[in-house]
Amino acid sequence: GKVALSGAGDRLTGAANVALSQVRSVDAPRGLAVDGSINATLDDATLRIQAQANDDVAVRASVDLTLPVEASAVPLRLAIVRTRDMSGQVEIHGQIQPIWDLFLGGERSLAGRVDINAAIAGTLAAPRINGRMDVAEGAFRDNATGVSLNAMTLAGRFDDTTALIETFSANDGAGGTVTGQG
């Protein structure tokens, strides 16, 4: 990767670029590794972070997030301002397991085909996230409680205050089923 900063006095700009290759959680098999990149651009009052991850076959994830910052060269300072507006977009399409395992793995696992689109707004102190999430051919396990859901489908949307499950169905692999909507 590469990081470059420049500035004088209260002005600071810069960029960072990192390439990721075969990244996976410590306990994940090699087949669940993803490649990706993180690019950040600093322009005095904003820090734009663009990240993407994919495995060339089953999953494609991207984040484009602009955060408010206070930055100066002298003294060297870069701080995210939690009370000013931010904006962004998150998209994940395809097999969720490599992304889930990398960021949220451990006692819980999630696999299946997903389509997630979310817009991010508000502030870090009071974020607003609006979007949609669809899951097909899903499987969820919580090792701590023993919950196991298979053949899971979910269609839902969410906004600043509400998550609405439009439809949900799954089975436990032993004859039990669960369904819901609305």
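Biologist: Which residue in S2 does Ser6 stand opposite?

Modeller: In this predicted model, Ser6 faces Thr13 of S2.

Biologist: What makes S1 and S2 a pair of strands?

Modeller: Pairing requires at least two bridges found by DSSP, and S1 is joined to strand S2 (residues 11-23) by 7 bridges, so the pair meets the requirement. The two strands run antiparallel and form a hairpin with 2 residues between them. In the turn, Gly9 has a positive phi of about 60°.

Biologist: How do you know that S2 also pairs with S3?

Modeller: The same cut-off of at least two bridges applies, and 9 bridges join S2 to strand S3 (residues 34-43), again in an antiparallel arrangement. Within this pairing, Val18 has Ile38 of S3 as its bridge partner.

Biologist: What makes the pair of Arg132 and Asp134 a salt bridge?

Modeller: A side-chain nitrogen of Lys or Arg has to be within 4 Å of a carboxyl oxygen of Asp or Glu; the closest N and O atoms of Arg132 and Asp134 are 3.1 Å apart, so the pair qualifies. By this rule the count comes to 9 salt bridges. As background, side chains of opposite charge can pair when their charged atoms come close.

Biologist: Which residues are linked with Arg132 in a network of salt bridges?

Modeller: The network links Arg132, Asp134, Arg157 and Glu166. The side chains of Glu166 and Arg132 meet at 2.6 Å, N to O. Since Glu166 lies in strand S11 (residues 163-171) and Arg132 in strand S9 (residues 127-142), this pair ties together parts that are 34 residues apart in sequence. Arg157 forms a salt bridge with Glu166 as well, with the closest N and O atoms 3.1 Å apart.

Biologist: Why are Arg132 and Arg157 called partly exposed?

Modeller: Partly exposed covers the values between the buried limit of 20% and the exposed limit of 50%. Arg132 stands at 29% relative accessibility and Arg157 at 44%, so both count as partly exposed. The class also takes in Asp134, at 25%, and Glu166, at 26%.

Biologist: Which residues have the most contacts inside the largest nonpolar core?

Modeller: They are Ile92, Ile96, Ile99 and Met152, in a core of 18 residues. The elements that give two or more residues to this core are strand S5 (59-72), helix H1 (97-104), strand S8 (108-122), S9, strand S10 (147-158) and S11. Apart from it lies another core, of 8 residues, among them Leu12, Leu47, Val69 and Ala71. In soluble globular proteins, nonpolar side chains tend to be buried together.

Biologist: Which residues of H1 are buried, and what do they pack against?

Modeller: Pro98, Ile99, Trp100 and Asp101 are buried in H1, and the buried residues of this helix pack against S3, strand S4 (46-54), S5, S7 and S8. Leaving aside neighbours within four places in sequence, Ile99 is in contact with Val34, Ala53, Val59, Ala61 and Ile92.

Biologist: How many of the residues of the protein count as buried?

Modeller: Of its 182 residues, 33% count as buried. The accessible surface comes to about 10600 Å², with 55% belonging to carbon and sulfur atoms.

Key
Residues are numbered from 1 along each chain as its sequence is written. This is a predicted model: local features need pLDDT of at least 70, side-chain atom pairs count only at pLDDT 80 or more; totals for chains, interfaces and linings use all residues. Side-chain values use heavy atoms; hydrogens and water are left out. Buried means under 20% relative accessible area, exposed over 50%, partly exposed in between (1.4 Å probe, protein chains only). Helices (H or I, at least four residues) and strands (E, at least two) are DSSP runs, numbered from the N terminus. A nonpolar core is a set of buried Ala, Val, Leu, Ile, Met, Phe, Trp, Tyr and Cys residues joined through side-chain atoms within 4.5 Å. Contact means heavy atoms within 4.5 Å. Accessible areas come from the Shrake-Rupley method with a 1.4 Å probe; for residues, only the protein chains shown count as cover.
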